[in-house]
Every structure is written in C-alpha cells, then in structure tokens.
Amino acid sequence: EAKLSTWARNITPSPTLAVDAKAKELKAAGEDVCGFGAGEPDFDTPEFIKEACAKALAEGKTKYAPAPGIPDLRAAIAEKYVRDNKVEGVEPSQVVVSPGGKYSCSLAIMAVVSPGDEVIIPAPFWVSYPEMVKLAGGTPKTIFAGKESEFKITPEQLREAITPKTRLVVLNSPSNPTGTVYTRDELEALTQVAIEAGIYIMSDEIYEYLLYDGVEHVSPASFSKEAADSVITVAGFSKTFSMTGWRLGTLMAPAPIAKAVASIQSQTSSNATTFAQYGALAAMQQWDKSMEAVKGMLEVFDRRRLFLLEGLNAIDGIECARAQGAFYLFPKMDAFGLSAHDFASKILEEEKVAVVPGEGFGAPGYMRLSYATSDEVIEKGLERLTRFCSKLG
Ligand code: PLP
C-alpha cells in the first residue's frame with residue numbers, strides 16, 4: 001500500500017469528476033450528449049494573441065523567464081489595474097504572472113495561510129478553494145448564501161464567521177458557480193469588515209470582464225489604501241480571452257506579499273511558459289482590440305444566457321436567478337425529491353444531459369449549467385431537461 005502524505009490523504013477528489021468522466025465516456029461511445037459542464041469559453045483565442053505567441057516562439061523566446069513573469073507583462077498588468085480597475089499606484093513589483101489563475105489562487109493562499117489558520121469561503125464556492133486551503137494546512141470555514149439571498153453573503157455573516165484564527169476570506173465576483181456579481185456597496189461593506197478584523201481578502205476576479213445587463217465589476221483593492229493593503233487580487237487570461245489552455249494567471253498584491261508569492265513560485269513552478277506570456281502581452285498592449293474580441297464573445301454569451309434562463313424557469317420545479325456574470329446559471333432543483341447528485345446521474349443516464357451537481361460547490365439542491373456551449377446544445381438540452389423533469393413530476 002502506498003504511504004501517502006497528510007496532504008494527499010486530505011484532498012477530496014472533485015465530486016464533479018464522476019459525472020464529467022461519465023459524459024466523456026458516453027460521448028466517446030458515440031452518444032449525443034448535451035454538455036452543460038464546461039468551465040471554459042467555446043471560442044478560439046483571438047488571432048492577434050496567437051500570432052504574438054507564435055512570433056515569440058519563432059524568435060526563440062523559449063528559455064526560462066524571471067519567476068514573477070516577463071517585465072513588460074508585469075508592467076502592462078500593473079498599468080491595467082490602475083487604468084481599468086482604478087487601483088491607485090500599482091507597481092510592476094506587485095504583480096506576479098503564474099501558470100494559471102488556479103495556481104495564482106493557490107499561491108495567494110500559501111503566502112498568507114499557516115497550519116491551523118482559518119479561511120472563510122462563502123458557499124456556493126468554486127470547488128478548488130477548500131482543497132487549496134487544506135493543502136496549505138489551513139481550515140476552510142464556509143458560510144452559505146442561497147438563491148433567497150441572491151447568493152451573496154452579508155457583512156454580518158462575515159463578521160460572525162471571523163475568529164482569532166481567521167487569516168483570509170475568499171471573494172469571487174463574478175462567481176463560479178452562481179454567476180452572481182456583487183455591487184460596489186456590497187463589496188465595500190465586506191471589505192470594511194475584513195479591514196476592521198485585520199484579515200486578508202483573496203478577491204478572485206477571473207470573470208471580471210464577463211458581465212451582462214450593464215452591471216459593473218469592482219475591485220475591492222480600489223476602495224482605499226487600507227483596502228489595497230488587505231487584498232490579494234487574482235485573475236487571469238483563461239476566461240476573458242478564451243485562453244484556458246495557455247495556463248496564464250495573474251496576482252496583484254501588496255509588494256511584500258507579491259514578493260513572497262514570487263519566492264514560492266520560484267521554488268515550485270518557476271515561471272509561466274515564456275512564449276505564452278508574449279501572447280498575453282499582446283492582449284494587454286492592444287487593449288482596444290482585446291475588448292473588441294471580448295465584446296463579440298459577450299454578445300453570444302448574453303443571448304445564450306437569456307435563452308437558457310428562460311427555458312429553465314419555464315420548467316416546473318426549477319427556479320433560476322438571473323445571473324449577471326461569468327457563463328453559468330445555478331438553478332435550484334430541490335423540488336423533485338432527488339439530491340442534485342442523483343438528479344445529475346439520472347439525467348445523464350436517461351437523457352444524455354450533463355450538468356454539474358451542486359454538492360461539490362457546497363450547495364446541495366442546486367446544479368450548475370454552463371452556457372459556454374452552442375445554441376444547438378442549449379436548445380436540445382432544454383427539451384430533454386423539460387421532458388426529464390415532467391417525468392419526475
Ligand atoms: N477561479 C475561478 C472562480 C474559476 O472558475 C477558475 C477556472 O475554472 C479559475 C479561478 C482558474 O482558471 P485558470 O487556472 O484556467 O486560469
């Protein structure tokens with residue numbers, strides 16, 4: 001028997017994986033599966049970004065880069081935070097480029113969480129946060145906000161969850177899995193609670209540009225100098241520019257934290273892929289072109305969002321909030337007397353529809369549907385979902 005470490009034994013394998021593996025298996029066997037499981041845009045990376053990377057490759061940018069990222073890219077990201085996110089005086093030294101937003105989150109947690117520390121994670125949460133906290137030796141403490149609370153925790157909830165052991169609270173707006181976007185006032189109130197308690201915020205803003213209905217994205221680090229000193233902002237290129245496979249994430253933090261993060265990265269992953277960073281640099285330097293590409297994707301996402309939302313709410317027993325960010329809807333489906341897990345297994349089996357059950361997100365009674373898929377799949381999937389639910393009664 002393998003002698004596994006505490007970390008390996010403590011980690012929970014993704015509960016969504018079983019459904020996902022089953023869906024892939026069915027697809028490979030030639031079944032016509034309607035997949036709502038994807039956590040990635042179905043578009044290709046914009047051409048000019050790919051060209052910049054190809055050029056870097058052709059020019060031999062194939063060697064190690066500095067651990068925190070190529071200097072031009074760090075500078076461009078710092079500038080973006082000042083210009084676009086209204087964070088004052090961000091220096092390139094506060095920015096670290098890592099191999100993916102996921103790793104940026106992990107680095108942020110490793111930089112401030114010690115064994116025994118508590119990290120507050122609002123549920124529904126992205127599946128990886130609690131596991132990353134456990135890998136750092138910390139204890140995840142979840143607080144719940146369901147559909148009735150618009151999937152938003154209140155300042156009181158946060159205040160009550162803080163103990164002398166709390167080090168960090170995770171905020172993720174727009175959210176995976178709910179698509180919820182916090183308002184400026186809501187974020188300011190939560191940030192204030194964190195500042196008063198002397199805890200850090202990890203603000204995961206990976207979906208910051210995927211917004212609908214005219215809502216704005218607000219970075220907690222922009223509120224004040226005190227806020228900037230308390231917030232580690234994590235983001236990346238995957239979702240905004242359809243670059244999931246490039247593995248490029250960002251982190252922006254007070255300089256001493258960014259320095260610690262760069263040190264941890266230097267001893268674990270070294271740097272994010274050098275030539276990939278040149279593609280990201282083009283995305284940053286040709287910002288108008290980038291936003292034009294994002295706008296095109298958003299128009300498609302928005303149409304699909306509304307179509308899926310309407311279709312879901314037309315089904316008896318399903319209640320779905322009008323999410324205004326990311327590319328997920330997170331309907332409640334507890335009226336059928338089935339756990340989300342059983343609902344997901346059954347609908348995959350009987351109707352070949354893949355949805356992600358809510359349990360893994362800390363939200364039993366809900367399921368996640370991604371609309372980063374074709375109109376055809378959404379239309380067909382809704383028909384099947386409707387038929388399935390009417391059979392359940
Ligand atoms: N944060 C959230 C909330 C996500 O949903 C994801 C991807 O699914 C990530 C971070 C990390 O993305 P990546 O590692 O592809 O940059």
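Among contacts between residues at least 6 apart in sequence, what percentage join residues at least 24 apart? In this protein chain, that share is 74%. Keep in mind that the model is predicted.

Start with the whole chain. The protein chain holds 14 helices and twelve strands. Its radius of gyration is 21 Å, close to the 21 Å that the globule rule gives for 393 residues, so the chain is as compact as a globular protein of that length. Look along the principal axes next. There the C-alpha trace spans about 60 × 55 × 55 Å. How many of the 393 residues count as buried? The figure is 50%.

Domain 2 covers residues 63-286. Domain 1 is written as two stretches, 6-44 and 290-392. The centres of the two domains, taken over C-alpha atoms, are separated by 25 Å. Domain 1 and domain 2 touch. Their contact takes 35 residues from domain 1 and 32 residues from domain 2.

Stay on the domain 1 side of this contact. Which elements give two or more residues to it? They are helix H1 (6-10), helix H12 (287-313) and strand E9 (328-329). H12 provides the largest share, with seven residues. Sort this side by residue type, and you get 18 nonpolar, ten polar and seven charged residues.

Next, find helix H5, which runs through residues 101-112. The helix has twelve residues. From its first C-alpha to its last it reaches 17 Å, close to the 16 Å expected at 1.5 Å a residue. Is H5 mostly covered or mostly open? Mostly covered: eleven of its twelve residues are buried. Among them are Gly101, Tyr103, Ser104 and Cys105. Further along the helix, Ile109, Met110, Ala111 and Val112 are buried too.

H5 also leads you to the ligand. The helix gives three residues to the shell around the ligand, and this is the largest share. Which of the 14 residues around the ligand come nearest? Gly100, Gly101, Lys102, Asn176 and Ser238 do. What types of residue make up the shell? It divides into three nonpolar, nine polar and two charged residues.

Terms used. Residues numbered from 1 in each chain as written. Predicted model: local features only at pLDDT ≥ 70, side-chain atom pairs only at ≥ 80, totals over all residues. Helix = DSSP H or I, 4+ residues; strand = E, 2+ residues; numbered from the N terminus. Rg over C-alpha atoms; globule rule 2.2 N^0.38 Å. Buried ≥ 20, exposed ≤ 12 C-beta atoms within 10 Å, placed from the backbone. Contact = placed C-beta atoms within 7 Å. Domains from an automatic or database assignment. Nonpolar A, V, L, I, M, F, W, Y, C, P; charged D, E, K, R; others polar. Expected span 1.5 Å × (residues − 1). Near = placed C-beta within 6 Å.
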